[in-house]
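Open the structure in your viewer and keep the selection tool ready. We will go stop by stop.

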Amino acid sequence: MMVHLEGVMKRFGAMTALRGIDLQLKRGCCLGIFGPNGAGKTTLLRILATLTRPSAGTVCIAGRDAVREAEKVRPLLGVLSHRTFLYGHLTARENLQFYGRLFGVKKLPERITEVLHVVGLETNSHQLVRTYSRGMQQRLAIARTILHYPTLLLLDEPYTSLDHHAISRLQELLLQLRSESCTIIMSTHDLHRGLDLCDEIAIQCRGKIVYSGPSLGIDIQGLEQLYSAYVW
Amino acid sequence: MFLDRNHMFHAIAMYISMTTAIFLIFAYAPTDKMQGIVQKIFYFHVSSAITMFFAFFVVFVASIMYLWKSSDWWDAVALSAAEIGVVFCTLVLITGPIWGRPIWGTWWSWDPTLTLTLVLWLIYVAYLMLRIDAHDPKRARFAAILGVVGFVDVPLIRWSVEKWRTLHPKPVLIQEGGTTGIESSAMLLTFVVCLGAFLLLFFYLLWERTSIAQSRHSLEVLRQEIDDLLTR
Amino acid sequence: MSGSKLFIRQVLALLVKDLKTEWRTREIFTSMFVFAVLVIVVFNFAIGADPELIRQVVSGVVWVALLFATVLGLQRAGQMESEEDSLEGVLLALHDRSALFVAKMIAQMLYLVLVVVCSLPLCGIWFRIDFTACIGALGVVFVLGMLGLSIVGTLFSMIVLHTRAREVMLPMLFLPVSVPLTIAAVYATDQLIVGKSLRDITDYLTLIGIFDIVFLTLALMVFDYIVED
């Protein structure tokens, strides 16, 4: 079991964002989380990313307690969120060099060239990130996410800001990573792509997972039906 | 609150001890030969100072406990003790000059303890401002860190201010410092009773203020829960 | 030992990133240096023209300038940090989060050293004081003192990142807590200027040293609590 959550709750002061989440995901699986805004999807992903601690419950990633052994879990994670985590005054290469050194990526220069190629930014790699468009920044953020060969990808609405071409490239990349036994958890509003990529789907609403199951046999209409049935 | 038996006993004990202290100060303790009646303010001044240090020590302990246990109760204690501490601190800073003017000939003499009190006032007022200013829920944690840092700084401030003091001319008249010589056992008794009264006052205020902080927090939690239920 | 190797490598990576950014923008150092010079010049006017009087207060003026330069530098760094909003990206990659503190502290220290190196000669010229006679001993005092300023400053700057009135809160927290350091550093510098040697100021150096050690330990212990959400 790659990911195992039990009874995860998260309170922010008086507000409860997550009310007991149970989740299990096998290695190499891809889970798509759908749900309205405010359902707590981002909070859930942040807890998985060890950026914040749950108020209650256990979080196990790759057999390790993500709360107590967070520093051992972090190198396994690749996190993509609304924020790019890029430095505007550095070039694309320098940004990747920075993260590569932090993660201790071996043969860094070659790896940087490789990921830049995957996201299609080799020609602009010596430009300052400040000069990049939002879409280019998002692509570089994707490169940053996979730089250190993570085994669990946590993607918070990865398709935003991407044009059609970039979205297909990302989809290809994710499919390839999935075939390499990378586990993926993604929250998205894009029902098409989500269903395309994911083996498992879950619908989150008001801090609880109200539906979960395999995506096999469910099409867009089916998903929309489930959505309106479970989300209120 | 007043119906609570323990609380009532505490309040009665406090009133009795304060009244006794005032009686002792004005009717029982002998008037100091050199300083005259102004010396009597010393009982309030030193009692306030000791209570102030004790209050900040409580902030220190409560801050550590809060960081360790993340319990809101400890946070409420720290906040209450800090507020009360600042009040007593202000009393020290007011009674000091009132005492000093007739004795030393100046309103302020940069006496080591008084200077230390002034710096502490600045630090703990900053503590209170931090609590108002920082975003929930990190607010409590940052304040707790300051509560620890501020108190650890006390011996360092004391040492440096004493060394610094050796550069300044001492006031011409009488000895100065945190305590004047207590000449008789009558004075000692008066002082002890006064100190006891102040400490009882401190604990009473601490108890009350902590209860209020706790109630406020519970109210917030209830409000959130109602909000949640209503929006369903 | 691979734990500490990892730590050092991460600190270096962070430091290189910060210094590279600073080199490209030069915002932090320039504001610190210009502000320090401004403080010194204005003090000069405020105190008057008596050279003897100025000689007596010069060490105080220099350290006040450094204190305010530190506050300013930290505020600019904090502002840039907020704008980039990349702190969590770094936290995701760190094994020991205090590496972030150490890197920021070292960066701040380097900026301060540079400010001192640039402004001390100016002071020497304007106030007609020969610093070269005691330059080695002065170096010791400045390094120890600025280390303390960087430690306390970086600690509080990370705290005030999440407050609203950041410009007010940082000096409000930083200045009172640094009082022992200020007192000791000013006095030690003053003694060196009038010709005393390091041996004469050992008690002040000890105070500064203890201050540095105590606050470094404290900072490393509580840093996790500051950056954690």
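**Stop 1: where chains C and B meet**

Show chains B and C together. This is a predicted model. Here 23 residues of chain C are in contact with 27 residues of chain B. Which elements of chain C give two or more residues to the side that touches chain B? They are helix 7 (166-177), helix 8 (179-193) and helix 9 (202-227) of chain C. Select helix 9 of chain C: with 8 residues, it gives the most to this side. Now colour the side of chain C that touches chain B by residue class. You will find 19 nonpolar, 2 polar and 2 charged residues.

**Stop 2: two helices in chain C**

Select helix 6 (residues 135-160) and helix 7 of chain C. Two packed helices are described by the angle between their axes and the distance between the axes. The axes of helix 6 and helix 7 of chain C come within 9 Å and cross at roughly 150°. Angles over 145 degrees count as roughly antiparallel, so helix 6 of chain C is roughly antiparallel to helix 7 of chain C. Their crossing is right-handed.

Next, show side chains where these helices meet. From helix 6 of chain C, pick Val152(C), Gly153(C), Phe156(C), Ser157(C) and Val160(C). They meet residues of helix 7 of chain C, including Arg166(C), Met169(C), Leu170(C) and Phe174(C). By class, the contact of helix 6 with helix 7 of chain C has 8 nonpolar, 2 polar and 1 charged residues.

**Stop 3: a helix in chain B**

Move to chain B and select helix 2 (residues 41-69). It has 29 residues. From its first C-alpha to its last it reaches 41 Å, close to the 42 Å expected at 1.5 Å a residue.

**Stop 4: from chain B to chain A**

**Stop 5**

Strands of a sheet pair through backbone hydrogen bonds, either parallel or antiparallel. In chain A, look for an open sheet of 4 strands in the order 2-1-4-5, with antiparallel pairing. Strand 2 (15-25) and strand 5 (64-65) of chain A are the edge strands, and each pairs on one side only.

Zoom in on strand 1 (residues 3-12) and strand 4 (residues 56-61) of chain A, which are joined by 5 bridges. Pick Met9(A): its bridge partner in strand 4 of chain A is Ala56(A).

Last, select helix 1 (residues 41-48) of chain A. This helix lies across strand 1, strand 2 and strand 4 of chain A. Helix 1 of chain A runs at about 60° to strand 2 of chain A.

Conventions:
Residues are numbered from 1 along each chain as its sequence is written. Chains are lettered from A and ligands numbered from 1 in the order in which they are written. This is a predicted model: local features need pLDDT of at least 70, side-chain atom pairs count only at pLDDT 80 or more; totals for chains, interfaces and linings use all residues. The expected span of a helix is 1.5 Å times one less than its number of residues. Two residues are in contact if their C-beta atoms, placed from the backbone, lie within 7 Å. Ala, Val, Leu, Ile, Met, Phe, Trp, Tyr, Cys and Pro count as nonpolar, Asp, Glu, Lys and Arg as charged, and the others, Gly among them, as polar. Two strands pair if DSSP finds at least two bridges between them. Axes are lines fitted to C-alpha atoms, for helices over the stretch in contact, and angles run from 0 to 180 degrees between N-to-C directions. Angles under 35 degrees count as roughly parallel, over 145 as roughly antiparallel, 65 to 115 as roughly perpendicular and the rest as oblique. A crossing is left-handed if the near helix is turned anticlockwise from the far one by less than a right angle, and right-handed if clockwise.
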